[in-house]
Amino acid sequence: MKNYDKLLNDLAPREFNKKGILWVVFLVLVIIAGLIAYIDQIIKGQEVTHLRDYMLWGVYISNFVYFVATSFVGAIAVAILRLTGNEWRTPIVRIAEIITVAAIIMAGITIIIDMARPDRLLNLFVHARIQSPITWDVFIIPTFMTVAILLLFIPLIPDLALLKNYFKDKKPKMSKLYGFFAINWKGSAKQKSILAKSIKVVATLIIPVGIILQTIDAWLFSTTYRVGWDSSSLAPYFIAGAAVAGVGALVAVIYVVRKSLKLEEYITDMHFEKMGRLLALTCMIYLYFTINEYFLPLITAKKDEALHLETLFTGHYATLFWIVTIGGLVLPIIILLFKNGRKPKTMFIISLVVVVTSWWKRFIIVTPTLLHPFLPIQGVPESWHEYYPSFHEWIITFATLAMALLIITLLVRYLPVIPIQRTADEQEANENKSKVVS
Amino acid sequence: MEEQNKNPRRNFLDKGLKLGLAAVVGGLGISKLTSKLNAHTDGETVELMTADGTLIQVDSSEVHEVEHHHDTGDKYNVRQGIPNRKFVMVIDLAKCKNALACQSACNKHHYITGDNAWLKVYKMQETKDTAPYWMPTTCQHCDQPACVTVCPVGATFKREDGLVLIDNERCVGCRFCMAACPYSIRVFNWGEPNQEVTLNIDLTGHQHTPEHQGHHSIKGTVDKCDFCPHAVQENKLPHCVTACPNGVFYFGDKYEDTVTNGEETLRFSKLLKDKAGYRLMEGLGTEPSVYYLPPVNRLVEFEDGLENYNEFKSVDKGEES
């Protein structure tokens, strides 16, 4: 039991320091600005955006795709590392679950922001038509959200019970709240076996549900005739990209959490080393798909497709495309191949680059295609031939990103980011092992 | 069990009644039939013209008034369409010189206030060495419409008479249909259409109907060419057809096998056969209802159309006459 005291002291949620408060205030301000911009968009209509009849989906949709992609991290870090029996995952799984919950909630909100008639949201259920990929999305996003929340919540229950006792005298109110969510956890053998089974079910479930989510997200695009979207490998391409975006986000958040909560003892350099390998692997898989998606078609590209590729390789979107491909994929792979490249600080910088380029990657999946329709763009104002998001679009997009960060921040603030009970169990098991050995 | 045993009498009565009813109905039918068979010719004949144009004589007793399908109002379901019709359009590229009368008529009658006309006349040239030509495009009213497939709420729908229409009261504004349409034909109301203000039309008490797109347009929903069923109901042709000074547009019914541009009425199948009609992007399998006749033997110079060509404008907003 002594172990718990130290663990609880180290890992129990702590109040924000000055920096933390400043950070939250900043996020809230950005969100308020976005909210004002969104209300303005509702009143005036989407003419406040730079979306037009040709550029009919823009930064909202690419932002949505980004959130969906990032939410995949839960499926990877939790389930795949679990399936492959990687014991080192313990201190990072909860952070991955937190990112997943935040990302999928924001994905749901972002897609509604893109709807021009959010007041008719219920039509999606009342008049639902099953052959539309959007209807599939309407089903899979809440499903994934439920599984993600369960995956965060169920393993949390023993920790909540611990926190209830820990805060009993210090903060009775918080203690009560933790107690409420601990749903009478006593740690009995029966409870433990139910918990273990439940975790197993949810952790297994999130893999297929996560893969279906990414797939449907890709099908939103690949079920159209559009050049650049009409690809049979778009779904696996999206899954590979989601792994990159998700693991990138995970590394970045882990670094910040470790630093601000001083968890160096629990999240060690070894973890970054392992995460570095994982990130390198995901980047390599994504690079493989990128080559299949963009470079192989060069050989047989039809006229429209050749034009599309040209705008990416040498045309209007070339700078962005090469930054995203070289900076966001090739360079990270090269750096991560070296042992020194997998040190925490380097990893942090790489992960930030990966996160930012992952976001822009979605932008250049959505945008160039729409500006190359089959019939020429004629008879519309000159400004419709290009797309730069409007002020409203940027503010609203930043607000959604801020909201995701706020959800992560608050969950990190109020939940033990490192599973206390499991760490204790593992420590005990290790001690027993060493006793046996000695 | 008891009940069943008690009831043979009732059963007998029941069956007897049914049998009697059947006999009466049958008898009536037979008497009708015999009267038909016995109908004698009274010698009077009338001259009629058949569908392929030859005159024939028919006994007047054989002449019955055709029951008209009522093309109006609430007689049919708006989502099902006008019964026994299949609307088609033929666009003769050989005659088009970009007069744009079609476009202004369409803009006017659909009260378009946006920047993107529903009917576009594209300046086309496949390659440097091939001839340039003008290509008007309306909604293709595909039989395999990509837009209808992807719509999550059935706001855009396909009717039995061939039309693809939009219920703007239901549209959620996701724009998936616009992404799906390979002909880039759909137009979005990004802001308030402001038709009352811009065009000074009175919409008080006016109900939106999918059969007259744009009257009125609704913010945050999709609009497009509707093939003017509101005009068809009044036995009129779509506005672009009547407006065109060069008779480029032929509108008609595939089942009747006729199309007309207002001046001449032609056999639809023969026209396609004689002039090698084709459809846009046939390879996609969208099965459009709009057919094109190639721009051959043109009577007009392509260059004549350049005068009207404006790459960046398709709706004349300032022009209030």
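Me: In this predicted model, at what angle do the axes of helix α10 and helix α11 of chain A cross?

Reply: Helix α10, residues 189–222 of chain A, and helix α11, residues 234–261 of chain A, have axes that come within 8 Å of each other. The handedness of the crossing of α10(A) and α11(A) is right-handed, and its angle is roughly 125°.

Me: How many nonpolar residues are there in the contact of α10(A) with α11(A)?

Reply: From α10(A) the contact draws on residues including A:Ile211, A:Gln214, A:Asp217, A:Trp219 and A:Phe221, and these meet a set in α11(A) that includes A:Leu234, A:Tyr237, A:Phe238 and A:Ala242. Divided by class, the residues of this contact comprise three polar and one charged, and the number of nonpolar ones is 10.

Me: Are α4(A) and α11(A) roughly parallel or roughly perpendicular to each other?

Reply: Helix α4, residues 73–83 of chain A, packs on α11(A) with the axes 8 Å apart and at an angle of about 75°. Angles of 65 to 115 degrees count as roughly perpendicular. The two helices α4(A) and α11(A) are therefore roughly perpendicular.

Me: Which residues of α4(A) make the contact with α11(A)?

Reply: On the side of α11(A), the contact is made by A:Ala243, A:Gly246, A:Val247, A:Ala249 and A:Leu250. By class, the contact of α4(A) with α11(A) holds seven nonpolar residues, one polar and no charged. The residues that α4(A) brings are A:Val73, A:Ile76 and A:Ala77.

Me: What is the radius of gyration of chain A?

Reply: The secondary structure of chain A comes to 18 helices and zero strands, and along its principal axes the C-alpha trace spans about 75 × 50 × 45 Å. Buried residues make up 45% of the 438 residues in chain A, and among its contacts between residues at least 6 apart in sequence, 83% join residues at least 24 apart. A compact globule with 438 residues would have a radius of gyration near 22 Å, and chain A agrees with that, at 23 Å.

Me: What percentage of the residues of chain B count as buried?

Reply: Chain B has a secondary structure of nine helices and 13 strands. Among contacts in chain B between residues at least 6 apart in sequence, 61% join residues at least 24 apart. Of the 321 residues of chain B, the share that counts as buried is 38%.

Me: Which element gives the most to the side of chain B that touches chain A?

Reply: The contact between the chains takes 41 residues from chain B and 37 residues from chain A. In chain B, β4 (120–124), α4 (146–150), α5 (176–180) and β8 (187–188) each supply at least two residues of the side that touches chain A. By class, that side has 22 nonpolar, 10 polar and nine charged residues. With four residues, the element that gives the most is α5(B).

Me: Is B:Leu100 buried or exposed?

Reply: B:Leu100 lies in the loop between β3 (87–92) and α3 (101–109) of chain B, and its phi is near 65°, a positive value in a residue other than glycine. With 27 other C-beta atoms within 10 Å, B:Leu100 is buried.

Me: What is the phi of B:Met281?

Reply: B:Met281 belongs to the loop between α9 (268–275) and β13 (290–293) of chain B, and with 15 C-beta neighbours inside 10 Å it counts as partly exposed. Most residues other than glycine have a negative phi. B:Met281 is not a glycine, yet its phi is positive, at about 50°.

Note on methods
Residues are numbered from 1 along each chain as its sequence is written. Chains are lettered from A and ligands numbered from 1 in the order in which they are written. This is a predicted model: local features need pLDDT of at least 70, side-chain atom pairs count only at pLDDT 80 or more; totals for chains, interfaces and linings use all residues. Axes are lines fitted to C-alpha atoms, for helices over the stretch in contact, and angles run from 0 to 180 degrees between N-to-C directions. A crossing is left-handed if the near helix is turned anticlockwise from the far one by less than a right angle, and right-handed if clockwise. Two residues are in contact if their C-beta atoms, placed from the backbone, lie within 7 Å. Ala, Val, Leu, Ile, Met, Phe, Trp, Tyr, Cys and Pro count as nonpolar, Asp, Glu, Lys and Arg as charged, and the others, Gly among them, as polar. The radius of gyration is taken over C-alpha atoms; the globule rule is 2.2 Å times the number of residues to the power 0.38. A residue is buried if 20 or more other C-beta atoms lie within 10 Å of its own, exposed if 12 or fewer, and partly exposed in between; C-beta atoms are placed from the backbone. Angles under 35 degrees count as roughly parallel, over 145 as roughly antiparallel, 65 to 115 as roughly perpendicular and the rest as oblique.
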